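Subject: Structure handover

Hello,

Please find the structure below. My notes on it come after.

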Amino acid sequence: MAAQHHQAIDREPYAIIAEEPDLNLYDSLSKQYENNRNLQGDEAFKFACQVLSSMLKIFPTMGDHDSGTVRKLLKDLIDMLFRKFHSEKKVDALFERVGKRETNPHYCPDVPNQLNNLSNKLLDQYQRTDNIDDLGTAISAAYGAALLTPTLSPRYITQLNHLIMALISGYKGTSNIRYLDEGISIAQKALESMTALDWVNYPSDINSLFRNLGSALLSKFEATSKPQYLNDAMSMIERAIKGTSDNDPNLANRLLHLSNMYVRKYELTGNGDDIRKAVEIAEKAVNKPRGDNTEMAVRYTDYSNALLRLYEREGDAATLQEAISKAQEALDYTPTNGMSPELASRRSNLSILLYTQYEQTSDNEHIDKAISLIESAIPLIPHDHLYHLHLQHNLGGFLFSRYKGNGIVEDLEKAISTAEYVVRSTSRRRHDYAGRLGNLSTMLQARYDVKLQMDDINRAILYIKEAIEASPISRDIAARRGHLSKMLQARYNTTSDRRDLDEAISQARMVVKKNKEANWLQHLGELLTIRYRITKEQKDLDEINALSVELEGSTGHWGVFLLMFR
């Protein structure tokens, strides 16, 4: 399991509806909009501001009394704001104002923060519900907040960062690349517009712009496989580093940005030079003058993650031990009071490293510590948050690994129960749904091997088939088909149902088309041998002979399934 870095976002507390909203007033505002919907220019801008100000007093969080019509009115009013500007695209309209360096708060000084609070709340809600309507409304509100915040306001860059993060979430939730393009454009234009005084006054916010632009460019690279986006992200950070003095407190942060990009590049390309460069740069960041506890925790976390990737490539136990040490230091710098996503994330990171060490050493002390850490992290995240499911997913995997090592069925039962909860709670639209189904399927097969209950193997087959259908072009598709083939063979061995044997052969053939490894050639040959003994069909024997030649070419040995025919 790869470590997943979870970065909490500092957000303002959002308003809470204390009483029933005045729906009559909402109806009045809706009618006003219908009567003025064709306004243009400054008139449209002023009218939309005033109606938004009144509307957000009724529906500050789009909560329990919300309906689709309320959200539509909000989006329509925000679109009306943009009619003041000559640019047709919202991104361009945002930056028409930059050269003017505005100080006036327009016609509705409270609305930007109200929209920002609303957008934050809806993004948090989206993380819990996976509701696309929450995501779409959050993006609209973030656009409105950024547009209405004066460009000289201390919150201007913060609002832009929030909008970029909302757009990146929009891409991840919908796979619509338009959101990425808008986020990239906003970050690039914002960085180009920063003055020397901005760098002095808002270094943290500008660093966040760099991080968000890098994240968006990496996502664009993953979506398009065009190296230019990755290279753009890295060269941008490298230019910033070259222009940063050694005693600048922002240097460590920029080095970490670059290190993380090299890590991501390595994950996508597999080039060992990239991960070694990532570790080298992260080490430089860690050794820069000490920051506050929060900053030091981030430095050690990123350094630890880079070391883990290097260990996974080169297998040096000393590298893994160093990664564990740095993850522990990150945890030591993290406050332990309250419901803390940062604390949960760092306990999770350390648990993954200890689990990796268990895989290397088979020492039960390591897997026991990993399970204890992740169990202590789970209560720190709200039950309905998506990251809660990520932690539960890892816990199930750890328990299953411990079962495979110690054979204690209680661990297997807990692993299955946890995996069933994760699958039930995961939306079918999510990219990780298929993987979670596949894990549950593997666990059920393991219990079938112990208890020989047909319900377990039937469910295992059902879930792995669903995983294949849910993600037909996944890089894991061949492995899932291979697992399905072996499960069908196991059921055939119990029931002698020829349909299972035939389907097992069909799935194995699809695996062999993609993967010529000896174990899969051997598996297909064994299945064909079983069927040949029943049917004596010449075409099966011909295929067995062809497989034997292929297997000899790759291993130098004949398949054991051929000995009876040689």
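The notes below go from the whole chain to its cavity.

This is a predicted model, in which local features need pLDDT of at least 70, side-chain atom pairs count only at pLDDT 80 or more, and totals for chains, interfaces and linings use all residues. Residues are numbered from 1 along each chain as its sequence is written, and side-chain values use heavy atoms, with hydrogens and water left out.

The chain has 25 helices and 0 strands; these are DSSP runs numbered from the N terminus, with helices (H or I) of at least four residues and strands (E) of at least two. Of its 566 residues, 52% are buried, meaning under 20% relative accessible area with a 1.4 Å probe, protein chains only. Take the contacts (heavy atoms within 4.5 Å) between residues at least 6 apart in sequence: 64% of them join residues at least 24 apart.

There is 1 cavity of 30 Å³ or more. A cavity here is a set of points, on a 1 Å grid over the protein atoms alone, where a 1.4 Å probe fits but cannot get out; lining residues have an atom within 4 Å of a point. Points are joined across faces, edges and corners, and the volume is the space filled by probe spheres set on them. The largest cavity holds about 30 Å³.

Its lining consists of Thr301, Ser304, Asn305, Ala327, Ala330, Arg346 and Asn349. Helices H14 (293–314), H15 (317–332) and H16 (341–361) each supply at least two lining residues, and H14 gives the most, with 3.

Regards

Key: Buried < 20%, exposed > 50% of the residue type's maximum accessible area, 1.4 Å probe, protein only. 1 Å grid on protein atoms, 1.4 Å probe; cavity = no way out; pocket = protein on both sides within 12 Å on 5 of 7 lines; lining within 4 Å.
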